[in-house]
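Good morning, colleagues. I would like to take a few minutes to go through some of the strand pairings in this structure.

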Amino acid sequence: MPSYYEFSCPVKILCGHAALPNLPYELEQLGASRPAIVTDEGVVAAGLLDKVTAVFEGSNCEVGAIYDKTPPDSSITTVNELAALYKDKGCDSLVAVGGGSALDTAKAVNIVISEGTGDLMQFQGVDRLTKPAKPLVAIPTTAGTGSEVTAVAVITDQERDVKLPFMDSRLFPHVAILDPAMTVTLPPKITAATGMDALTHAVEAFYCLGKNPVSDAYSVAAITLIREHLVRCVEDGSDPEDRLAMANAALLAGISFSNSLVGVVHSLAHACGGVAHVPHGVANSILLPVGMENNLDKVGAVIADLAPHLGAKVSAGASERERAEAAIQAVRDLGKRLSELCGLPTRLSDAGVKEDQLEAIAKTAINDGAVTYNPEEITYEDALRLIRQAF
Ligand SMILES: NC(=O)c1ccc[n+]([C@@H]2O[C@H](COP(=O)([O-])OP(=O)(O)OC[C@H]3O[C@@H](n4cnc5c(N)ncnc54)[C@H](O)[C@@H]3O)[C@@H](O)[C@H]2O)c1
Ligand SMILES: [Fe+2]
């Protein structure tokens, strides 16, 4: 039990099969009527932007601008381009429609607009914002990052090949709209990768240094939903009930880690993204069992507690160490099952990482903020050993 902790989730959540049509009403409640929509080309191609623009018909709101060029992992250039469009079109709010890349881009644009700055970098780090943010509604189309309920944005600095975190309570979206109509189009491999990102949030939040009883409850609820619904969504993505369950899992895991933070798995995954452009969920899926193993000596008992929730096979009378190892094996087995179903990589060498990038990844990872919350201290040599293990 921690001697002290804080917990917060000020986001209004609208979740269900017909949640999306409430968007204009929610904007009006926030005093906004002319949003800029932030999305990407994959989301537009899946027909999801049309669903969003359709709900504005007959409402008191009109779409001020649409930006659909968000790249994977976003970038500082994208954020600046979008902020200029927002101002040029006289927008008064942001609606993010997409995965973590679109949602985090909208959060970063909000920093540039609200702070009236031309230099996003000035606000990198923790609690750096000074002005109230513009109304932001997040509509996730992946079930993974939980960015719709986190105070975090991750943006890539393309010149330095590094993913930069921004953390501030002003970055919480005002409203999150979760509607399974927005995730049924997600292809199996992205469903699997993003679902494993959510699992990584829930599991790392459960055993890392910021854990607390409230985040633990959210983590366990998320893990249970992922255990029951992720494979089903990958096998057949058309069932709205499974999609709704995964949307809730990502949301719960997001609330959990936004309050308790994550550890070495995320620092290595961010570095794999920055240096080798491995999709965030793919990197986490490969690295999660490696990171759990690395923490066995420090928090074996906590990891053992996850065994039943992960559906681990544990024999009667198993020791604490055996239960913890079974929990890790359950994560490995899930990764293997997803790999068989949709080709989700289980090794970094299959995810586009080259051997001569491993040192750069390890170097970048030990400078990533998440590493501070890992129970086991991580040196450069440790990071290199872990990344080689996953290679
Ligand atoms: N802010 C946070 O709290 C937080 C947490 C974890 C990760 N992240 C960041 O989020 C980013 C990753 O986000 P992501 O994993 O959601 O992926 P993403 O946003 O990069 O999207 C991946 C791909 O899926 C496509 N796609 C998305 N939804 C679709 C749908 N419904 N149908 C068809 N195609 C669809 C997109 O077009 C894109 O090509 C990373 O940059 C990561 O660092 C942020
Ligand atoms: Fe993540």
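This is a predicted model: local features need pLDDT of at least 70, side-chain atom pairs count only at pLDDT 80 or more; totals for chains, interfaces and linings use all residues.

Strand β7, residues 152-157, pairs with strand β8, residues 162-167, in the antiparallel sense, and the pairing runs over 6 bridges. Within the pairing, Ala153 of the model is found opposite Phe166, which belongs to β8. The two strands, β7 and β8, make up a hairpin, with 4 residues between them. In that turn, Asp161 has a positive phi of about 50 degrees. As for covering, β7 is mostly covered, with 5 of its 6 residues buried.

Let me now turn to strand β6, which comprises residues 136-140. Is this strand mostly covered or mostly exposed? Strand β6 is mostly covered: 5 of its 5 residues are buried. The burial concerns both faces of β6. On one side we find Leu136, Ala138 and Pro140, and on the other Val137 and Ile139, all of them buried.

Which strands does β6 pair with, and in what sense? Strand β4, residues 93-98, runs parallel to β6 and is joined to it by 5 bridges. In this pairing, Val97 has Ile139 of β6 as its bridge partner. Strand β9, residues 175-178, also runs parallel to β6, and here 2 bridges join the strands. Ala138 has Ala176 in β9 as its bridge partner.

Thank you for your attention.

Definitions and conventions:
Residues are numbered from 1 along each chain as its sequence is written. Chains are lettered from A and ligands numbered from 1 in the order in which they are written. A residue is buried if 20 or more other C-beta atoms lie within 10 Å of its own, exposed if 12 or fewer, and partly exposed in between; C-beta atoms are placed from the backbone. Two strands pair if DSSP finds at least two bridges between them.
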